[in-house]
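Okay, thanks everyone for coming. Let me put the model up, and then I'll walk you through a few parts of it.

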Amino acid sequence: MTIEEFLKYMRYELNYSVHTVLSYKNDLQQFEQYLTVGGSEPLSLGDVTQRDVRAWVLERSLQGDSARTIRRKVQAVRALYKMMMRRGEVESNPAAEVELAKVPKRLPNYVRRESIDALIDGEVDCNDFEQVRNRLMLVMFYETGIRRAELIGLADANVDLDVKEIKVHGKRNKDRIVPFGDELADWISRYREVRNREVGRTESFFVKADGKPLYPTLVYRVVHDSLLSVGGTDKYSPHVLRHTFASAMLNGGAELNSVKELLGHESLAATQVYTHITFSELKDNYQLAHPRALKKGGQHGS
């Protein structure tokens, strides 16, 4: 099997995305080039041993590849040889037992409470459709933790002010119910009033001024620019408000499993990352607040 045959199999038989196939292509071509000119002698794919794969990993590390990048490259080689084994072209997978580099966990970005409060409590013209819509988007992201795609796909009929719940159509076509409070209910009422007056009733809850649904770039720009206005960074996006919602819930005493259900996570492990955020913030607060934590070397101040 050639690398090109394997890539076609990934794309058309396994329905991998173009982006994923391109990543595998770059990694596998780099591996093949190493076998041809990088080792002590040229090797074919069928002659590769575990030692050869380990040597390639070492070279990539010396070349400055990150642990995350090397991990992906090894996984690409594993997948190739797994298919070659199925076809009887090799007896074993030389990358199967190669230890994957440990990737350091990155904590999700989130927005501090004072910044969120400044953003949500800022002035807005309640007769201006776009101003009211944009503020509602921010409040809804922060108070429900829904994803950008979920917000865009929200149907007007699924926003229920009587019971203060929204029905969210999430990943893998799974629906969930997310409750909300009085503040969000007030903004929903204001938005519907100005929307129905300026645009008319619509099937989609959030719409543009012409009545058409929102698109991802517009939502990103609204959130990004709004967060920048209260001291955010270029990394801030709608997903940051989802992280901020989860952090706020856990800091407020919510149970981890409840936050998992509200976020629509498949497993508890996906939600547990937010406990690291809250613990990190707890440590920062301790360092700032505790009188002994401020002293160096455990010595008393004068």
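**A lysine and its neighbours**

Let's start with Lys73, which touches Asp27, Gln30, Trp56, Arg60 and Asp65, if you leave out residues up to four places away in sequence. By contact I mean heavy atoms within 4.5 Å. Lys73 sits in helix α4, residues 67-86. Helices here are DSSP runs of H or I with at least four residues, strands are runs of E with at least two, and both are numbered from the N terminus. So is Lys73 buried or exposed? Lys73 counts as buried, because its relative accessibility is 6%. The cut-offs are under 20% relative accessible area for buried, over 50% for exposed, and partly exposed in between, with a 1.4 Å probe and protein chains only.

Quick word on where this comes from: it's a predicted model, where local features need pLDDT of at least 70 and side-chain atom pairs count only at pLDDT 80 or more, while totals for chains, interfaces and linings use all residues. Residues are numbered from 1 along each chain as its sequence is written, and side-chain values use heavy atoms, with hydrogens and water left out.

**The whole protein**

Stepping back, the protein has twelve helices and three strands. Of its 302 residues, 39% are buried. If you take contacts with a separation of 6 or more, 56% of them link residues 24 or more positions apart. The protein exposes about 17,700 Å², and carbon and sulfur atoms supply 47% of that. That area comes from the Shrake-Rupley method with a 1.4 Å probe; for residues, only the protein chains shown count as cover.

**Helix α6 and its partners**

Now find helix α6, residues 129-144, and look at how it packs with helix α8, residues 182-198: the angle is about 150° and the axes are 9 Å apart. Those axes are lines fitted to C-alpha atoms, for helices over the stretch in contact, and the angles run from 0 to 180 degrees between N-to-C directions. So α6 and α8 are roughly antiparallel. For the wording, under 35 degrees is roughly parallel, over 145 roughly antiparallel, 65 to 115 roughly perpendicular, and the rest oblique.

Which residues of α6 meet α8? On the α6 side they include Phe129, Val132, Leu136 and Met140, and on the α8 side Leu184, Trp187, Ile188 and Tyr191 are among them. By class, that contact has ten nonpolar, one polar and seven charged residues. Here Ala, Val, Leu, Ile, Met, Phe, Trp, Tyr, Cys and Pro count as nonpolar, Asp, Glu, Lys and Arg as charged, and the others, Gly among them, as polar.

Next partner: helix α5, residues 113-120. The axes of α5 and α6 come within 10 Å and cross at roughly 150°. That again makes the pair, α5 and α6, roughly antiparallel. Ile116, Leu119 and Ile120 of α5 make the contact with Arg135, Leu138, Val139 and Tyr142 of α6. The classes here are six nonpolar, no polar and one charged.

And then there's α9. The axes of α6 and α9 come within 10 Å, but the crossing is roughly 80°. So α6 is roughly perpendicular to α9. Arg133, Asn134, Met137, Leu138 and Phe141 of α6 meet Leu218, Val219, Val222, Val223 and Ser226 of α9. This contact divides into seven nonpolar, two polar and one charged.

Let's zoom in on Val222, in helix α9, residues 216-228. Val222 is buried, with a relative accessible area of 12%. Leaving aside neighbours within four places in sequence, Val222 is in contact with Asn134 and Met137. Val222 and Arg135 are 87 residues apart in sequence, yet 9.1 Å apart in space, C-alpha to C-alpha.

Last stop, the loops. Val90 lies in the loop between α4 and α5, and at 11% relative accessibility it counts as buried. Val90 touches Gly46, Tyr81, Met84 and Met85, not counting residues up to four places away in sequence.

Asn15 is in the loop between α1 (3-13) and α2 (18-38). Asn15 has a positive phi of about 60°, although it's not a glycine, and it's exposed, with a relative accessible area of 62%.

Lys164, in the loop between β1 (159-160) and β2 (165-169), has a positive phi of about 55° and is not a glycine either. At 29% relative accessibility, Lys164 counts as partly exposed.

That's my tour, thanks!
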